[in-house]
Amino acid sequence: MPARSTVPLLPLHRRQVLGLGTSAIGMALLPPFARSAPPPQTLAKETVFHTQFAPGDPLPALKTLTVVEVPNARGGRCALGEITAANQHQQIDIPLKDMANRSLELTIRLRSDQNSRCAIWLRPAAGERRRVGDLANVPKGWKEAEFRFETGPMAEGTLEIVVPSSWGAPAGKVWVDEITLVAGPAMVPVPYSPQAAEDFPVLAKDATGTVWLASLVRDNASRRIGVWKIVNGERQPVAMLDESGRTGIDAPALAGTANGCVLVYPVERNDRWQLQPVWIEGSSGTATKGTGIAAAGPSNFAPALAVSGNEAVLVWEANVQSQRAIWSCRLSPGSQSEPVMVSAADAASSNADVVLLPNGDAFAAWDSLRNDASNLFGAWCRQGRWLPERQLTGAAFIERHPRLAVKGNEIWLAWQAQTFLRHTVNGVREQRIAVARLGQAGLEMPVDLFQKVANGRDYLLRPVPQFDPDGRLWITVRNSMGLHAGWLPQAWCYTGDTWLGPFDLWPDQGRWRPVNLVWDQRGQGVAAIQRDDLPKGWNQQGVRPDWLYDAQVVNALPAELPPAQPPKLVPLAMPETEFHPGQRIEASGAKLPRQQADTGHGALTLFWGDFHEHSDISVCQRRGNPPMHDVYANQRDLEMLDFTAITDHGYNYDRPQWAHNGEQVRLHHDPGRFVTFLAEEWTSDQNQYEPRRSYRRYGHRNHIFLDPYYTAFYDSRDGDITPRQLWKQLGGVEFIAIPHQLADTGNCPTDWDEIDEHLQPVAEIFQQRESYEYLGCPRQADRALKEKGHFLQDAWEKGVIIGTIASPDHGGGRGKVGVWAKELTREALFAAIRARHTFGTSGAKIGLLFQQGENLMGDKVQGRPQELVFQVRATAMHPIKEVVIFRNNQIVHRLEPGAKNVQFEWRDQSPPAAERLWYYTRIHGEDDELAWSSPIWYLA
């Protein structure tokens with residue numbers, strides 16, 4: 001990032017959080033919201049560090065830099081650093097103490113010989129560091145660079161001045177002449193509301209200039225929509241909206257009207273989601289509900305609004321005929337039109353936004369995966385009629401989440417562009433944003449967009465464009481604060497050919513929620529920010545009763561800015577990337593034809609799924625794990641799976657987040673096309689064996705619930721109980737427990753004494769860490785144990801009856817579940833998994849059927865004939881180099897077909913007279929992909 005703007009920030013009293021105001025909300029008094037901003041503290045600025053490197057001056061910690069004599073330096077001496085190769089750096093450290101919630105101003109006088117880089121980082125004493133400033137190219141002449149930032153809750157730590165740096169810049173020398181660090185008045189933190197959690201805040205301004213706020217309010221498992229006015233920097237409660245008979249409410253859309261606002265939010269009743277419009281009159285605050293809006297599908301959600309006067313255009317996502325598409329209708333306080341489909345009927349489309357132009361035309365944009373690419377599309381609505389869609393972008397990134405803004409007759413859009421590690425679809429490698437104007441010849445972007453803002457080093461997401469009253473372009477973003485932390489809300493300003501920023505809108509983290517920005521009647525920029533104290537690491541154990549999150553309305557924009565100038569634009573040119581969605585689709589065999597089979601259990605169909613994936617809710621690798629709706633889209637449209645369960649850690653949930661999880665499960669369930677399960681990962685990292693053993697824990701297990709409305713979640717860190725004791729607590733709940741990381745040393749291996757053939761019917765043989773089949777197996781996990789006892793073959797040898805699946809665990813496709821089931825429903829899939837009619841693959845779809853007469857893989861057979869004839873059928877997108885059949889963990893038959901389709905019989909003419917026999921097959925492709933069947937057991 002470039003150096004922060006040197007324009008003075010607002011005085012403290014104008015930069016404070018605009019408090020929540022009084023408690024009366026709508027027709028009820030709600031004391032939990034009775035709070036307002038405390039008065040600003042009066043604390044003079046103080047210089048906490050200054051040096052000119054002159055004799056007697058204090059010196060920072062010079063990490064390999066040296067102090068040298070320089071005649072034209074202010075103190076006669078400088079710190080000199082030199083690097084000679086790419087991707088190297090040196091740094092200067094300044095210790096910080098008692099700096100919680102302070103405003104810091106850092107001034108550095110420096111120059112370079114080759115335009116190397118300078119970056120400023122804050123490193124807390126505990127936790128991950130965050131970048132707070134960046135000078136992309138240090139000039140060859142002396143420059144005073146100024147950086148301004150907030151410490152947030154960091155009390156002690158280190159200010160790191162990384163200079164010189166050749167990360168994205170030339171190697172060379174840098175001379176640092178003078179360093180001054182000034183600490184300003186402490187920010188006045190606004191306390192969290194302890195009784196309720198606010199989420200997904202949105203702002204809008206009506207034609208009178210009144211600013212409106214709406215947010216999703218959760219009180220334990222309850223959900224409502226709150227509405228406020230923002231008057232003179234204070235919230236004035238207007239309404240708290242609830243719905244009778246509802247089982248879920250999702251994030252609202254909000255727009256200002258002639259005198260008031262209209263909001264639309266999804267409401268769930270009887271397994272169906274529809275959109276509820278509510279019109280609020282500005283002077284009286286009267287709320288009038290309109291008729292529910294829905295396309296024919298069961299899920300109608302993700303609304304977006306554009307309003308002119310009291311006429312609104314609404315767009316949203318619906319799953320009519322199990323296909324995700326964009327729908328639209330027009331509505332006013334007394335009427336609404338019939339919904340119409342705006343996007344193509346044969347392509348998955350999501351995440352729409354809409355704007356209105358002064359002439360009454362509407363324009364909508366959305367993202368869509370088609371032709372093996374994920375790009376943006378849009379359509380015009382003229383004279384009340386939607387015209388055919390057009391493709392807007394064509395980059396190799398995963399391009400999603402467009403947001404629109406209007407400047408006069410111009411349409412601007414911002415969106416996010418992702419790539420993933422290798423061929424995965426989780427584990428984000430790049431998280432850029434893009435912004436462009438829709439021109440006659442295509443999209444036009446600001447200059448230096450991908451050098452100064454979306455530079456590829458920061459992980460930016462959910463951009464929102466807006467224009468201030470003078471016509472400057474503003475982009476709000478969320479910037480990752482670390483691999484395991486949340487996201488910092490920031491804003492950038494673009495005028496002429498100059499980027500200003502980033503400006504931190506709040507000094508600490510929140511979730512990925514977009515940040516709305518409007519300008520109030522006083523011309524001040526106001527932002528709505530979701531914030532919380534979600535864990536940034538594993539040091540916070542167990543469900544925290546004080547886990548707090550809410551919405552804040554803040555004014556943290558600079559008081560003065562350079563004069564507005566027309567933006568300089570160039571044709572959109574996205575950065576180069578090695579990633580392409582089509583490569584991932586091909587590598588995963590996603591388009592393997594549907595397979596069916598007549599078996600001893602009737603006519604069955606092979607369905608593909610994933611029972612172990614994480615979203616941003618999990619603290620581990622939070623930055624790399626997309627939000628739940630993006631994970632679902634990747635699995636459904638890139639992996640082309642039939643079912644899934646997102647298994648975030650139980651210790652990262654609280655009741656409101658678990659309720660949100662369940663709502664997302666139900667919103668993304670497409671009957672007959674994409675089945676979603678409610679799930680969590682029960683992670684027994686802290687449970688101690690009694691008496692002590694060398695491995696002291698029970699292992700990790702994913703719990704998959706049949707009921708998507710199940711209200712309880714379980715955290716192994718809140719009580720030292722065994723898996724059996726937990727399963728007893730669950731009582732009659734329909735669930736499946738799946739052990740994973742079976743023989744892993746980095747976490748904890750599976751305890752094969754904790755078994756239940758009905759509740760724990762399958763185990764995860766493979767995930768992104770690789771295989772746990774047996775010690776020395778193909779593609780064995782790097783962190784696997786060096787001795788037998790916890791691998792899956794070891795469980796079978798101990799007499800455990802358990803089938804085989806695979807799933808990725810943060811790996812986005814590195815592991816799949818194959819299930820032979822009667823139909824694609826939650827109930828049929830559960831029945832097939834309990835019967836162990838399953839297999840796992842290392843990532844690619846490899847169809848596998850393993851039978852013996854009427855017996856199917858997973859079956860447990862009492863007695864056995866003297867001769868056993870097995871049938872193997874395998875289909876892959878690449879040639880199969882090897883098929884092996886195991887008997888009691890020993891290979892008894894091997895075939896090297898070298899073909900994509902394999903079908904054969906093998907006869908075991910003299911099975912040994914053991915009390916137990918088990919047989920399974922393993923497929924190994926020429927592309928090094930693997931597949932493992934569940935065994936067939938024969939018991940004497």
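## Salt bridges

The whole structure holds 56 salt bridges. Such a bridge is a side-chain nitrogen of Lys or Arg within 4 Å of a carboxyl oxygen of Asp or Glu. The model is predicted: local features need pLDDT of at least 70, side-chain atom pairs count only at pLDDT 80 or more, and totals for chains, interfaces and linings use all residues. Residues are numbered from 1 along each chain as its sequence is written, and side-chain values use heavy atoms, with hydrogens and water left out.

Glutamate 444 pairs with arginine 437; their closest N and O atoms lie 2.8 Å apart. Glutamate 444 is partly exposed because its relative accessibility is 26%. Here buried means under 20% relative accessible area, exposed over 50%, and partly exposed in between (1.4 Å probe, protein chains only).

## Bridges between distant parts of the chain

Arginine 531 forms a salt bridge with aspartate 550, with 2.8 Å between the closest N and O atoms. This pair links distant parts of the chain: arginine 531 sits in strand 43 (residues 525-532) and aspartate 550 in strand 44 (residues 549-554), 19 residues apart. Both arginine 531 and aspartate 550 are buried. Helices (H or I, at least four residues) and strands (E, at least two) are DSSP runs, numbered from the N terminus.

Glutamate 734 and arginine 834 also meet through their side chains, at 3.1 Å from N to O. They too link distant parts of the chain, 100 residues apart: glutamate 734 is in the loop between helix 6 (723-730) and strand 51 (735-740), and arginine 834 is in helix 8 (residues 826-834). Glutamate 734 is partly exposed, at 38% relative accessible area. Arginine 834 has 16% relative accessibility, so it counts as buried. Elsewhere, shared partners join the salt bridges of Asp744, Arg769, Arg783 and Asp809 into one network.

## Helix 5

Helix 5 (residues 655-667) has 13 residues and should span 18 Å at 1.5 Å a residue; its end C-alpha atoms are 18 Å apart, in agreement. The expected span is 1.5 Å times one less than the number of residues. Of its 13 residues, 12 are buried, so the helix is largely enclosed by the rest of the structure. Among the buried residues are Trp658, His660, Glu663 and Arg666. At the start of the helix, a side-chain oxygen of aspartate 654 comes within 3.0 Å of the backbone nitrogen of glutamine 657.

## Glutamine 595

Glutamine 595 lies in the loop between helix 3 (581-587) and strand 46 (596-599). Its relative accessible area is 10%, so it is buried. Beyond its neighbours within four places in sequence, glutamine 595 contacts Leu604, Thr605, Leu606, Trp820, Gly847, Arg873 and Thr875. Contact means heavy atoms within 4.5 Å.

## Backbone exceptions

Most residues other than glycine have a negative phi, and most peptide bonds are trans. Valine 163 and proline 164 are joined by a cis peptide bond, with omega about -10°. Proline 164 belongs to strand 13 (residues 157-165). A cis peptide bond also joins glycine 501 and proline 502, with omega about 5°. Proline 502 is in strand 41 (residues 498-504).

Asparagine 87 is not a glycine, yet has a positive phi of about 60°. It lies in the loop between strand 7 (77-83) and strand 8 (89-96). Asparagine 87 is partly exposed, at 44% relative accessible area. Histidine 810, also not a glycine, has a positive phi of about 65°. Its loop runs between strand 54 (803-806) and strand 55 (816-821). At 7% relative accessibility, histidine 810 is buried.

Methods
Polar contact = N/O pair within 3.5 Å; in protein donor to acceptor, adjacent residues only side chain to side chain.
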